[in-house]
Amino acid sequence: MRHRLQSPATHASFQHQSILLVYPSTPSSTLALTGLHHITAIAGDPRRNVAFYTGALGLRLIKRTVNFDDPSTYHLYYGDSVGTPGSVLTFFPWAGIRRGRPGTGQAYATAFSVPAGSLNFWRTRLLAHGVTPSSLTTRFGDEVISFTDPDGLILELVASTEPDARAAHPHPEISAAHGIRGFHSVTLAVSEATPTAALLTHAMGYRATATADGRTRFRVAAGGPGTYVDVVVDSSLPRGTSGAGTVHHIAFRTPDDTTQARALAALQALNLGVSPVMDRNYFHSIYYREPAGILFEIATDNPGFTIDEPLATLGTALKLPAQYESQRAAIEAHLPPLM
Ligand code: ZN
């Protein structure tokens, strides 16, 4: 059995570095980030993964492709109807992989934005799908429930009282009054908040907006659901370990290649070990690790998910990057069916 946990980047220079980051006293906004782009996690059985995210949660499977660094395994993308950045949750599924342990040094929880007043609907729906959500809690004025996916990935639904004009993907059992509108926030669990907070605020353009119960919320650009990063220090959390049910990396949005190039230069100046630009077909990416060891990516909004198939049929056929097209028959024969 091969269960290699590979970095999405092709070279191995992203080992966590113990470095002292020194920031200029004036916060910089050179990274020009506009919010969350996508979050990528590790799953077990791919068919169970599809059933949960398209069935229970009502997301659209917007792309079925392979891990560009390991084409023997899928890379599955879910999102709103068009795969708008800020709605895209992706998985590397490896059937039979051992579970990881959510904890510090990880993106600990992924939160979706749902309409205010929808959590009773979601509690009932999740229970009907065999998922037991937490009791309702309140976070910075919004009601929240949490639960786990079939691999143990920690998910949250935030009934945001803030305006969120993003449209949910239509689903026959989930009305627009209830549907998932994209990410609300991601929670980073760290053992010490200051280094991560300093990177967010001094280099990445984030601003702290509120602190309560060991949790500090950061916003970027115009703020609002889809931009938030929460940093949590909770001494009861174990050190996280990688495996099924844990987040592999989180990606932030930048508008285009020009703004990404500026971000790359700014990160290089900080000696964060940032990768060169990688072509991920649907966006272009650079990677670096923040001080707690969490893998960050900055991804462009373009070209988007309709670059290799029409909007109407997104996610229905296996799409391969050009370098693997000649191996299509072998790759298809190896991959398990999804439905
Ligand atoms: Zn990514």
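Along the chain, the donors of the zinc ion follow the spacing H-x210-H-x47-E. Keep in mind that this is a predicted model.

Who are the donors? The zinc ion is coordinated by His38 through NE2, His249 through NE2 and Glu297 through OE, at 1.9 to 2.0 Å. Look at His249 and Glu297. His249 lies in strand 13, and Glu297 lies in strand 16. They are 48 residues apart, so this pair links distant parts of the chain. Both residues are buried.

Next, the core. Nonpolar side chains tend to be buried together in soluble globular proteins. Here the largest nonpolar core has 70 residues. Tyr53, Leu57, Met204, Tyr288 and Phe296 touch the most other members. Take Met204. Its contacts include Leu31, Val220, Phe252 and Tyr288. There is also a second, separate core of 9 residues, with Ile62 and Phe283 among them.

Now the charges. Side chains of opposite charge can pair when their charged atoms come close. This structure holds 13 salt bridges.

One joins Arg215 and Asp230, with the closest N and O atoms 2.9 Å apart. Arg215 is in strand 11 and Asp230 is in strand 12. Buried or exposed? Arg215 counts as buried at 14% relative accessibility, and Asp230 counts as buried at 0%.

Another joins Glu332 and Arg328, at 2.8 Å. They sit 4 residues apart in helix 5, so about one helical turn separates them. Glu332 is partly exposed at 39%, and Arg328 is partly exposed at 21%.

Last one: Lys63, Asp308 and Glu309 are linked in a network of salt bridges.

Methods: Residues numbered from 1 in each chain as written. Predicted model: local features only at pLDDT ≥ 70, side-chain atom pairs only at ≥ 80, totals over all residues. Heavy atoms only, no water. Donors = N, O, S within 2.8 Å, 3.2 Å for Na, K, Ca; no water. Helix = DSSP H or I, 4+ residues; strand = E, 2+ residues; numbered from the N terminus. Buried < 20%, exposed > 50% of the residue type's maximum accessible area, 1.4 Å probe, protein only. Core = buried A, V, L, I, M, F, W, Y, C linked by side-chain atoms within 4.5 Å. Contact = heavy atoms within 4.5 Å. Salt bridge = Lys/Arg side-chain N within 4 Å of Asp/Glu carboxyl O. Lists of a residue's contacts leave out its neighbours within four places in sequence.
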